[in-house]
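Me: Could you walk me through this model, one question at a time?

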Amino acid sequence: MKSYPISIKPFGERAVLVEWPMEVSESILADILDFMDAFKELEIPGWEMSVAYNSLTMVYNQDHIDFEATKKMVLECHEKQAKSKTKRIQHLWTLPVCYDLEFGMDIEETAKTLGLSPKELIKQHTSHQYVVYGIGFLPGFMYLGGLPSTLEIPRRAEPRLKVQKGSVGLAGKQTGIYPQDSPGGWNIIGNCPVDLFDPNKKDPCFVRVGDKIRFESISMAEYKLHKIEGEVGIYEPEKVVLNA
Amino acid sequence: MLKVLKSGLYLTIQDLGRFGHRDIGVPISGAMDVESVKKANLLLENDENDAVLEITMTGPTLQFEEPSYICLSGAHISATLNNEPIENYKVVKVEKGDILSYGRLEAGFRGYLAIKEGFQSEKLLNSRSQFYPVTKKSRVKDGVEIPYNKTEDYQPKISEVKIEEHFDRKTLHVYKGPEFSLLSDGQLTEIFTKHFTVSKENNRMAYQLSELIAGHSHSMLTSGTLPGTIQLTPAGRLIILMKDGQTTGGYPRILQLSEESISILAQKKYGDELKFKLV
């Protein structure tokens with residue numbers, strides 16, 4: 001596996017920012033995840049790490065850090081990471097989306113702008129796999145890459161004060177799901193009935209960075225059923241292991 | 001139980017924060033002015049992470065339903081216990097039925113009420129800090145009852161200290177942020193010579209500053225942010241992320257506040273002046 005050059009910058013008193021080349025690429029993401037696995041194998045308590053596209057923020061919760069010593073530790077770990085024994089498991093999740101007009105209030109206008117029928121838009125949106133490049137902005141919000149260029153559309157001129165939880169949107173090169181009610185400027189094309197963040201669960205967010213997502217079109221009746229199943233805790237989104 | 005008769009402007013339960021969940025987008029939360037909270041908990045011989053009430057500008061009216069010991073810290077908001085003034089950083093006994101209320105804001109912006117053994121509200125993801133949607137409510141409203149342990153008899157080792165408050169400090173200490181090198185000489189001069197003021201857009205998520213500096217057209221991939229990260233928008237606005245700030249952002253992170261300066265900024269309100277000093 002190719003390993004990329006990294007740069008390490010100080011980030012306040014207890015964090016460093018590790019950066020890979022500034023590109024959105026699955027192979028860079030794999031390199032970051034390999035590094036994280038290798039670092040976790042060192043079993044140094046107190047560090048937390050979060051990925052976003054080409055960067056990794058490493059925060060030491062227990063104390064202030066010495067930058068030079070931390071940099072040395074990170075570089076050494078990056079050099080040795082090829083020998084990491086961890087076999088990471090990545091999943092492809094199928095998330096149901098109801099594209100009914102009741103939820104997808106912008107779908108007709110969006111399709112028109114893109115020169116598609118709403119049916120074609122749904123077909124394209126559901127026929128691609130999207131890579132999770134990061135989770136942030138809101139708890140459980142996934143930064144997804146891999147949107148076909150035919151679905152790229154600017155943000156709405158005026159953001160909405162309230163976008164409903166579960167809303168599926170398009171904006172620029174991105175598609176995504178609002179994990180909770182939030183103000184937002186994305187073009188809303190549907191709604192996903194699955195909870196992407198549940199603080200009462202042992203694992204509040206089932207998706208991991210590096211997983212993939214595909215969307216599946218469902219009817220209003222199926223949406224309501226999944227919603228109820230979710231509320232009583234018997235709904236599990238469909239998943240397959242990508243790298244078994 | 002502590003009965004919240006009136007909640008005031010913005011009342012929340014906070015400990016020192018919720019760590020270890022940044023990777024799923026959960027901000028740290030926790031008290032804005034950590035320094036004041038640690039001192040109050042220390043006087044009560046609590047764990048420094050024990051939960052306190054964070055009071056913003058306008059204080060609540062609170063009734064104690066069991067005896068315990070309290071200690072106030074942070075902003076001076078003319079607190080009275082049964083109409084008798086009480087001071088910060090003093091361990092005070094409260095009896096069943098006692099009423100703590102607040103008056104005029106004298107100094108600072110956020111006050112704290114610490115209680116012996118801490119408030120015992122629900123812990124989610126290993127913290128009691130209120131942050132929706134981790135906790136069901138984003139703040140405490142009128143009529144809510146907050147649990148705490150009854151303490152009849154307690155002899156504090158130190159019952160009172162004089163603390164030099166940091167409310168008057170205008171200078172915030174900053175480190176270079178990851179995108180510091182993007183700043184032009186002109187922008188650097190503006191940042192380190194100008195006096196800035198806190199805008200109306202200031203809350204637990206972020207403080208925006210009123211004065212703009214020269215803008216930029218740099219675009220970057222979304223990347224990690226921390227409490228104290230100072231972002232520069234293309235229009236030249238400085239946004240300082242605070243404790244409930246999002247974990248990722250797409251604006252250049254030009255500076256990073258020292259942790260002590262986060263506590264200082266937490267006591268600033270709309271219109272207050274500040275300046276930056278690189279350390």
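Me: Which residues does V132(A) touch, not counting residues up to four places away in sequence?
Reply: First, a word on the ground rules: this is a predicted model, in which local features need pLDDT of at least 70 and side-chain atom pairs count only at pLDDT 80 or more, while totals for chains, interfaces and linings use all residues. Residues are numbered from 1 along each chain as its sequence is written, and chains are lettered from A and ligands numbered from 1 in the order in which they are written. Two residues are in contact if their C-beta atoms, placed from the backbone, lie within 7 Å. On that basis, with residues up to four places away in sequence left out, V132(A) touches M142(A), L144(A), V207(A), V209(A), G210(A), D211(A), K212(A) and I213(A).

Me: Thanks! How many residues are in the largest nonpolar core?
Reply: A nonpolar core is a set of buried Ala, Val, Leu, Ile, Met, Phe, Trp, Tyr and Cys residues joined through C-beta atoms within 7 Å. Buried means that 20 or more other C-beta atoms lie within 10 Å of a residue's own, exposed means 12 or fewer, and partly exposed is in between, with C-beta atoms placed from the backbone. V97(A), V132(A) and M142(A) have the most contacts inside the largest core, and its residue count is 65.

Me: Which helix of chain A gives the most to this core?
Reply: Helices (H or I, at least four residues) and strands (E, at least two) are DSSP runs, numbered from the N terminus. The top contributor in chain A supplies 6 residues and covers residues 26-41: helix α1.

Me: Where chain A meets chain B, which strand supplies the largest share of the side of chain A?
Reply: In this interface, 33 residues of chain A are in contact with 25 residues of chain B. On chain A's side, β1 (7-10), β2 (15-19), β3 (47-52), β4 (55-60) and β6 (130-135) each supply at least two residues. The largest share is 4 residues, and it comes from β3(A).

Me: And how many charged residues are there on the side of chain A that touches chain B?
Reply: Ala, Val, Leu, Ile, Met, Phe, Trp, Tyr, Cys and Pro count as nonpolar, Asp, Glu, Lys and Arg as charged, and the others, Gly among them, as polar. That side of chain A has 20 nonpolar and 10 polar residues, and the number of charged ones is 3.

Me: Which residue of β8(B) stands opposite Y69(B)?
Reply: β5(B) and β8(B) pair in the antiparallel sense over 3 bridges. In β8(B), the residue opposite Y69(B) is K93(B).

Me: Is N83(B), with its positive phi, buried or exposed?
Reply: N83(B) is not a glycine, yet its phi is about 70°. It sits in the loop between β6 and β7 (84-85) of chain B. Because N83(B) has 7 C-beta neighbours inside 10 Å, it counts as exposed.

Me: Last one: what is the radius of gyration of chain B?
Reply: Chain B has 3 helices and 20 strands. The radius of gyration is taken over C-alpha atoms, and the globule rule is 2.2 Å times the number of residues to the power 0.38. For 279 residues that rule gives 19 Å, and chain B is close to it, so it is as compact as a globular protein of that length, with a radius of gyration of 19 Å.

Technical notes:
Pairing = 2+ DSSP bridges.
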